[in-house]
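These are my notebook entries on a single protein chain.

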Amino acid sequence: MKKILLVLLLFPLLIHGQTEQKYADYLGLRAAVMDVDSAMYFDQAIRLNPQEIQLNKLLQKEQAKLLSHYKATHFFPPARNFYQSKAHIEGTKIFSLIQQMPKGGILHLHLLAMADAEWVVKKALELPEMHSYWGEADPRFVKGQLQAFKKGKAPAGFFPTKKLQKQYPAFADSLFQLITFDENIDRDSVDIWYEFEAIFQRIYRFVTYEPVYPGYLERGLDLLVADNIQHVELRVPFRNHLYSLKQPGGGFPIEGLVSILEQAVDKQRQTDPYFTLKIIHTDLRFKNNATIWQDIQETVAMKKRYPEWLKGYDLVAEEDNGEATLFHAKTFLRMDSLEAAMGVELPLYLHDGESDWASVANLYDAVLLGTRRIGPVSYTHLTLPTKRIV
Ligand SMILES: [Zn+2]
C-alpha cells in the first residue's frame, strides 16, 4: 500500500521529468531543422566585412523599429496588396538605404514592363503622328491603345493624341491610369493577366515605334542605374521588330537593334563604367511546336552571331492559358544536337511557376529540361526532392 502511495505521489514528477526531456529534445530537433533550412539559403556562405556588419546593424535597427510600428498600428505591408503599401514602403528609411546599396543584377525584366508610365504619356503626347484608340468598344482594339500612323491613315476610332488632349483635358491622366495598376487591382494570377495583356496591347506599338524605342529603353535603364543596379537581363525578342511610318514591322535589319543596344549601354557606362546588359530572347508559349522550333533555330544562329548580347531562351505569356511546358518539351530536347552542330549554347531561362492556379506541373518540366533559372516562381510549389535538383 505504501509503495502504491509513493508511486502515486511521484507520478506527476515523473511526467514532469518526461515532459522536460521531451521539450529539450523538441528544441534540439527544432534547431536542427532550422540549421538544415538555413544551410540551403543562397547566402549562407557569405561572411560580412566590418563595414557591412555596421550597415547590417543599422538595417536591423530600422527593421525592428518598423516591425514594432506595424504591430502597434496593425499594418503589415508584405501581407497587403503591393499597391496599397507602395507609397509607404518608398517613404521608409530602409527603402532609401537599400536604394543606395549596389544591387548586382536585375535578372527578370520585360521590355514592355520596364516602362516609366509618366514618360510614356509625355512622349505619346509629343509626337504628332502618335494616335490612341478612343472609339467604341471593338474586339480588335483596347481603349488607349497607342500606335503611330501617317496623317489620315489611322483606322476608325484612332485619333492623334495631341487632338485628344485638346478635346479632353483629362486625356493624359486617363491614359496614365490605363497603362498602370493601382490599389484597386486585387485579383488572382488569371485575372491579372487580362489587365497585363490590355496594357501590353496599349503600349506595344508605341514602344516598338522606331523613333520611340531608343528613348524608351534609355529611360528604363536610367531608372535602374539610379537605383544602383549594375547588370540587366532583358526579356525581349532578339529580333529587330521595330516599325516606322516608312517601314512596316520586321523590316529593319538586326544591326539596327544591336546598335541601339550598344548606344544604350554606352550611355549608362558614363554613370557606371561596369554596367552590363544581356538579352534573354522570348517567344510566346501558345505557339505551335513547328513555329517554336523555327524560332529556336533562328535564335541559335543569332547566338552564334551575337554571343556577347544573347544570353538564353524563354517562352512567355500566361501559363494557364498558353501551352504547358510539357507541350514544348520535345522541341527543347532537340536543342542539344542543334547547339552541338552550331558550336554554341543557348540555355533555357523558362517562365514557369508564376501561376497560382493549375499550371504548377510546368515546374517539373522546367527543372528536368535544365532551365538555368525559373521565372517568377512560387517556390513553395516544389517538393523538397525537386528543390534539390534545382
Ligand atoms: Zn516575367
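The entries below go from the whole chain to the sheet and then to the core.

Entry 1, the chain. I note at the outset that the model is predicted. I looked up the secondary structure and found 15 helices and 7 strands in the protein chain. I then checked burial: 24% of the 390 residues count as buried. For contacts with a separation of 6 or more, I recorded that 71% link residues 24 or more positions apart.

Entry 2, the sheet. I examined an open sheet of 3 strands, whose order is S3-S2-S4 and whose pairing is antiparallel. Strand S3 (146-148) and strand S4 (158-160) are the edge strands; each has a single partner strand, so one side of each lacks a neighbour in the sheet. On average, neighbouring strands here are turned by 35 degrees against each other, direction ignored. I next followed the pairing of S2 (residues 130-133) with S4: the two run antiparallel and are joined by 3 bridges. Which residue of S4 is the bridge partner of Ser 132? I found Phe 159 in that position.

I looked up the largest nonpolar core, which has 55 residues. The members that touch the most others are Ala 124, Ile 203, Phe 206, Val 207, Tyr 213 and Ile 279. Helix H9 (residues 213-226) supplies the largest share of this core, with 5 residues. I then listed the contacts of Tyr 213, leaving aside its neighbours within four places in sequence: they are Val 207, Thr 208, Leu 242 and Ile 260.

Notes. Residues numbered from 1 in each chain as written. Predicted model: local features only at pLDDT ≥ 70, side-chain atom pairs only at ≥ 80, totals over all residues. Pairing = 2+ DSSP bridges. Helix = DSSP H or I, 4+ residues; strand = E, 2+ residues; numbered from the N terminus. Axes fitted to C-alpha atoms, helices over the stretch in contact; angles between N-to-C directions. Buried ≥ 20, exposed ≤ 12 C-beta atoms within 10 Å, placed from the backbone. Contact = placed C-beta atoms within 7 Å. Core = buried A, V, L, I, M, F, W, Y, C linked by C-beta atoms within 7 Å.
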